[in-house]
Amino acid sequence: MAQREDRFKFVWNNSQDGLLLSVLGGKVLAANPAFCSMGNVSEKLLQENGLQYLFPNSDTFETIRKEIAEKMKLNDDIKVVREIVMPLSSGDKEIEVSISKMKESFEGKVMFLNVFRDISKKKAYEKGLKIAKEKAEEVSHMKSNIISNMSHEIRTPLNGILGSTEYIIQTRSEDKELLEHLNIIKESGERLLHTITNFLDLSSLESDELNIVLENTNVNDFISKILINHKSIGIKKGILVTSKFLTKPFEAAIERKYLQIIVNNIVGNSVKYSETGLIQVVVEKIEDQLVIKVHDQGIGISKDYLDKLFFPFEQESKGFSRKFEGSGLGLAITKHLIEKLNGQIQVESEKGNGTLVRISLPLYK
């Protein structure tokens, strides 16, 4: 028994939480040092004046006391936990108070163990986080608007430049020297347009403005049409881009726009980072999933860089020594879109030995 009392006294005196024994009505039997420090009051004063001594306004104390008493009576609870603002002499503090009925009684009255935990710092931290989150969202929204407006202002004249260049190419096909320069303008313009589009897509992703629109589609036919351009670019580089559909033509509800971006980015990367060889695109339906595998014989990816593969603006080759063009946004956008569609992407690669990308996306009827 003596050991038990010693343990109780140790906990009572060293607890970081304020502990207080009281009886129905607010009479204080005992208060530990942590509670006295929290309220900037002595145990003797509390015992003489009761819990209401802590509240300059007696109505505030009475309101809280009645509310807790009713809650315990209504639910027949033996414990009530509530957050309250206590106007202590040391200043207003947000307190989490836990009140438990005890088996023992005092002079025929119900006895309570009250545990007071100062959560002022926690609440201030949470409030700070909320304010920081709101400001970050405001900045992100403003950034998205700026990028969107700038992209529009750049793309509009750029489309005019590309359109005019294409027209001159068609009408001056006999002037070889002029065509050579025009093709450089066209390729550079298309590269710039692609970069701007990626910035705009990333901005939309970060602001979570993407809307999923499912359309009933012949999936095999849709992907075949996307691959036509990549096959053409591959031929120019001396690369063979093949497609194989393991499932007979089928229809499903898909997000066409996002699937097109995903396929373009993955297959486009394979073409970009391959100098010779074969790129195989395999498409199949496995239960309710669309599975696309893209296997190339390109330069591959080092083990160290695989962990950074989907970070925005990250590229394995950097600086002026970069061999391949690009903004480093394509894979970040692709991964975000796949996750938005509740799909998965897996990448297996080895430096110098090509890359295998496996994408799975849910299909809807």
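The model shown here is predicted, so local features need pLDDT of at least 70 and side-chain atom pairs pLDDT 80 or more, while totals for chains, interfaces and linings use all residues. Residues are numbered from 1 along each chain as its sequence is written, and side-chain values use heavy atoms, without hydrogens or water.

**View 1. Helix α7 and its ends.** Let's start with α7, residues 219–237 (helices, H or I, of at least four residues and strands, E, of at least two are DSSP runs, numbered from the N terminus). After the helix comes Gly238, with a positive phi near 85°.

**View 2. The kink and the buried face of α7.** A kink of about 30° is centred on Leu227 (the bend is the angle between axes fitted to the seven residues ending at a residue and the seven starting there). Leu227 is also one of the buried residues of α7, which include Phe222, Ile223 and His230 (buried is under 20% relative accessible area, exposed over 50%, partly exposed in between, with a 1.4 Å probe and protein chains only). The buried residues pack against elements including β6 (215–218), α8 (256–272) and β10 (289–296).

**View 3. Val97 in strand β4.** Val97 lies in β4, residues 91–106, and is buried at 3% relative accessible area. Beyond its neighbours within four places in sequence, Val97 is in contact with Val80, Val81, Arg82, Ile84, Val115 and Phe116 (contact means heavy atoms within 4.5 Å).

**View 4. Salt bridge between Glu83 and Lys123.** Here the closest N and O atoms are 3.0 Å apart (a salt bridge is a side-chain nitrogen of Lys or Arg within 4 Å of a carboxyl oxygen of Asp or Glu). Glu83 belongs to β3 and Lys123 to α5, so the pair ties together parts 40 residues apart in sequence. Glu83, Lys123 and Glu126 are linked in a salt-bridge network.

**View 5. Salt bridge between Lys186 and Glu166.** The closest N and O atoms of this pair are 2.8 Å apart. Lys186 lies in α6 and Glu166 in α5, so the pair connects parts 20 residues apart in sequence.

Conventions
Expected span 1.5 Å × (residues − 1).
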